[in-house]
Amino acid sequence: MTQDQQQDRRQGPGRRSFVAGAAALGVVALPGTASADSRHGSVPVRKLPVPAVIGHRGSSGYRPEHTFGSYQYALDIGADVVEQDLVPTKDGHLVVRHEPEIGGTTDVASHPEFAGRRTTKTIDGIATTGWFTEDFTLAELKTLRAVERLPAVRQRNTIYDGRWEIPTFEEVLKWADEQGRKRGKAVWLHTETKHPTYFRSLGLGLEERLYKLLRKYGRHTAHAPQFLQSFEPSSLQRLGKLGVAAPKIALLDAATTRPYDFVAAGDPRTVADLVTPAGLKWIAGFAQGIGPTLLLIIPRDANGKLTTPTTLVADAHAAGLVLHPYTMRNENQFLPADFRTGTDPNAYGDAFGAFKVYFEQGIDGIFSDNADTALLAREDFVNGG
């Protein structure tokens with residue numbers, strides 16, 4: 001994933017009780033989520049609390065993102081859902097990286113045998129130089145090790161550089177099943193198809209490969225503990241046509257942007273069009289929720305301070321959609337200016353204050369790099385703190 005209403009229209013008094021299960025996420029029923037007696041394999045599928053805490057790339061505030069160290073720690077500190085981003089290898093395996101370019105998240109630059117793979121590619125209209133997963137076989141990628149993506153911001157995470165390899169999505173599915181059996185409850189995953197139009201143009205379509213794995217591990221059904229997400233609506237539509245009934249979340253970037261599949265198809269609509277009641281109704285035809293940037297819920301002014309909330313939460317709920325906005329991080333530089341503390345951009349600010357404001361809007365879940373902070377903020381919120 002990118003980095004970064006009205007109060008009288010929000011649902012309830014601001015403090016919302018937990019839902020005992022996942023058949024209802026937020027103020028609306030979420031079609032396709034687990035019923036009270038559903039199971040995933042040998043373990044029950046728990047319903048999710050509201051707002052659900054989604055471990056963004058695992059626990060990327062504390063461990064290098066998209067590693068088993070990051071995923072395991074996210075579960076250990078209480079995340080309700082763990083996120084993955086999927087990209088393919090040259091030989092067609094789905095691996096977990098935030099982007100296909102891996103120069104910033106692995107030690108590939110220190111491997112002289114791969115120096116010749118460094119190149120410049122245009123992905124979704126943007127030229128990027130580095131090393132790309134689609135130029136490596138899975139066996140080659142497995143010789144690399146993950147590193148912290150933001151070492152200047154999260155210097156403490158660099159102690160883990162080189163510790164973990166790049167996981168395949170199938171390995172994540174096996175891990176989730178194993179953790180579910182150990183914990184006696186299924187592990188929820190939130191899985192994104194990255195740049196699907198680009199990869200389809202290379203003959204590496206993501207959706208068919210994803211469908212096969214979801215079906216193999218029983219996560220393709222309407223009652224599976226599985227969310228599927230994409231910034232390209234056609235990717236979610238394709239998954240639905242393939243027979244994937246697990247709940248789908250349409251990711252939404254800034255209002256002026258266009259999904260890249262719209263660009264490729266000549267569709268003139270922007271995200272601003274998609275967050276209108278008509279646009280949300282269209283999304284509800286193939287998805288059960290939206291994952292908007294937090295800026296679409298409460299915009300910021302030129303100084304980075306929060307302004308008046310939009311009507312997006314109420315409008316999405318009216319369309320039968322849940323909202324899983326992104327992304328909350330503890331560091332000052334990622335917080336609204338209202339909640340920054342001191343002048344060090346890498347120091348923690350008043351994340352609890354920011355969480356409270358977003359929770360008050362009536363969102364159904366939130367992506368966070370710091371799941372433990374989000375969980376404490378939720379506890380304060382539901383208890384009236």
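**Close-up views of a predicted model**

**View 1. Packing of helix 11 against helix 12.** In this predicted model, helix 11 spans residues 351-360 and helix 12 spans residues 371-382. The two helices pack at an angle of about 60°, and their axes lie 9 Å apart. Helix 11 and helix 12 form a right-handed crossing. On the side of helix 11, the contact is made by Ala351, Phe352, Phe355, Phe359 and Glu360. Helix 12 contributes Thr373, Ala374, Leu376, Ala377, Arg378, Asp380 and Phe381. By class, eight residues of this contact are nonpolar, one is polar and three are charged.

**View 2. Packing of helix 5 against helix 6.** Helix 5 covers residues 206-216, and helix 6 covers residues 233-242. Their axes are 10 Å apart and the packing angle is about 45°. This angle makes helix 5 oblique to helix 6. Where helix 5 passes helix 6, the crossing is right-handed. From helix 5, the residues Glu207, Glu208, Leu210 and Tyr211 take part in the contact. They meet Ser235, Arg238, Leu239 and Leu242 of helix 6. The contact of helix 5 with helix 6 comprises four nonpolar residues, one polar residue and three charged residues.

**View 3. Packing of helix 3 against helix 5.** Helix 5 also packs with helix 3, which is formed by residues 169-183. The angle between helix 3 and helix 5 is about 20°, with 11 Å between their axes. Helix 3 and helix 5 are therefore roughly parallel to each other. The crossing of this pair is right-handed. Phe169, Glu170 and Leu173 of helix 3 meet Leu210, Leu213, Leu214 and Lys216 of helix 5. Five residues of this contact are nonpolar, none is polar and two are charged. Leu210 of helix 5 meets residues of helix 3 here, and Leu210 also takes part in the contact with helix 6.

**View 4. The largest cavity and its lining.** The volume of the largest cavity is about 30 Å³. Its lining includes Ser60, Arg63, Pro64 and Glu65. Glu148, Arg149, Leu150 and Arg154 are also among the lining residues. Five of the lining residues are charged, two are nonpolar and one is polar.

**View 5. The second largest pocket and its lining.** The second largest pocket has a volume of about 240 Å³. Among the residues that line this pocket are Gly61, Tyr62 and Arg63, together with Val153, Arg154, Gln155, Arg156, Asn157 and Tyr160. Glu331, Asn346 and Tyr348 also belong to the lining. The lining of the second largest pocket divides by class into four nonpolar, four polar and four charged residues. Arg63 and Arg154 line this pocket, and Arg63 and Arg154 also line the largest cavity.

**View 6. Two cis peptide bonds.** The peptide bond that runs from valine 50 to proline 51 is cis, and its omega is near -5°. Proline 51 is placed in the loop between strand 4 (43-44) and strand 5 (52-55). Tyrosine 326 and threonine 327 are likewise joined by a cis peptide bond, with omega about -15°. Threonine 327 lies in the loop between strand 14 (322-323) and helix 11.

**View 7. The backbone at arginine 57.** Arginine 57 is not a glycine, yet its phi is positive, at about 60°. The loop that holds arginine 57 runs between strand 5 and helix 1 (68-76).

Definitions and conventions: Residues are numbered from 1 along each chain as its sequence is written. This is a predicted model: local features need pLDDT of at least 70, side-chain atom pairs count only at pLDDT 80 or more; totals for chains, interfaces and linings use all residues. Side-chain values use heavy atoms; hydrogens and water are left out. On a 1 Å grid over the protein atoms alone, a cavity is a set of points where a 1.4 Å probe fits but cannot get out, and a pocket is an open set with protein on both sides within 12 Å along at least five of seven lines; lining residues have an atom within 4 Å of a point. Grid points are joined across faces, edges and corners, and a volume is the space filled by probe spheres set on the points. Ala, Val, Leu, Ile, Met, Phe, Trp, Tyr, Cys and Pro count as nonpolar, Asp, Glu, Lys and Arg as charged, and the others, Gly among them, as polar. Axes are lines fitted to C-alpha atoms, for helices over the stretch in contact, and angles run from 0 to 180 degrees between N-to-C directions. Helices (H or I, at least four residues) and strands (E, at least two) are DSSP runs, numbered from the N terminus. Angles under 35 degrees count as roughly parallel, over 145 as roughly antiparallel, 65 to 115 as roughly perpendicular and the rest as oblique. A crossing is left-handed if the near helix is turned anticlockwise from the far one by less than a right angle, and right-handed if clockwise. Contact means heavy atoms within 4.5 Å.
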